[in-house]
Amino acid sequence: MESRAPTLVASVLPADFSELGQEVRQLEKAGVDRIQWDVMDGRFVPNLTFGPDVIGANRGHVSMGFEAHLMVDDPDPMLPRWVEAGCEIIIVHAEATRHLHRTLSVIADLGARAGVALNPSTPLEAVTNVLDLVDLLLVMTVNPGFGGQQYLGAMEDKIAAARAEIDRLGLEIELEVDGGIAGATIGSAARAGADVFCAGSALFNGPGTMADRVAALRAAATAGIESR
Ligand code: DX5
């Protein structure tokens, strides 16, 4: 498979929740490709964030894509709500739904792209039987629930295995990583096989402007992909 240009996705978890419209506009201006809304229900993860109405309220502020990362138990009943809120990609956790094949099919039937996320302890084999239904595979490089955590380098074997399987099958699946993605880690994740990179803390904090940080992350990811 030819190498892909990196996609840089901004997590709004570190954003100022009292100024979300301004924050997403700043992210778009700084050059990120997509926004990730970290949806948390206080059950699947020990944290609680926002629902579809908050996402929908921000849809009109920017034109770039929205992905909903559903860190929620039993995501099926609310799937239409995230699409109605303006999310083009819906990412469910393999660990959170009893019938993943059906859940992914429902997301596609709703006209959205279907994503599935794997927690650090969940093997790639959990999704190998449904890859034909997957548009985006998210390999978590932290345990979900909070931003600002340390990148789990041990996940690079899973990233590499996922890249090999996607390429072996010739599938058009975006391979995303999320958690602790920063200047010191993004190159290694890219070399392992990721082509989509979700960052929160590293975009909202650090030297220079947000545009500088976006450019630096994009350059490091590009170098990592090209060095595979
Ligand atoms: C974990 C969240 C975080 C967030 C990005 O549940 O999904 O990974 O998106 O966090 P940092 O600050 O590590 O980039």
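Modeller: Quick ground rules: residues count from 1 along each chain as its sequence is written, and side-chain values use heavy atoms, without hydrogens or water. Since the model is predicted, local features need pLDDT of at least 70 and side-chain atom pairs 80 or more, while totals for chains, interfaces and linings use all residues.

Biologist: How many residues of strand β7 are buried?

Modeller: Strands here are DSSP E runs of at least two residues, and helices are H or I runs of at least four, numbered from the N terminus. Buried means under 20% relative accessible area with a 1.4 Å probe, protein chains only. E174, E176 and D178 point one way from β7, and L175 and V177 the other way. For β7 (residues 174-178), the buried count is five of five.

Biologist: Which residue in β8 is the bridge partner of V177?

Modeller: Two strands pair if DSSP finds at least two bridges between them. β7 and β8 run parallel, joined by three bridges. The bridge partner of V177 is F197.

Biologist: On the other pairing, which residue stands opposite L175?

Modeller: Strand β6 (residues 136-140) runs parallel to β7, with five bridges between them. Opposite L175 in β7 stands L137.

Biologist: Which elements give two or more residues to the lining of the largest pocket?

Modeller: The largest pocket is lined by 28 residues, with G147, G148, G179, G180 and S201 nearest its centre. Elements giving two or more residues to that lining are β2 (34-40), β3 (65-71), β8 (196-199) and α7 (201-204).

Notes:
1 Å grid on protein atoms, 1.4 Å probe; cavity = no way out; pocket = protein on both sides within 12 Å on 5 of 7 lines; lining within 4 Å. Buried < 20%, exposed > 50% of the residue type's maximum accessible area, 1.4 Å probe, protein only.
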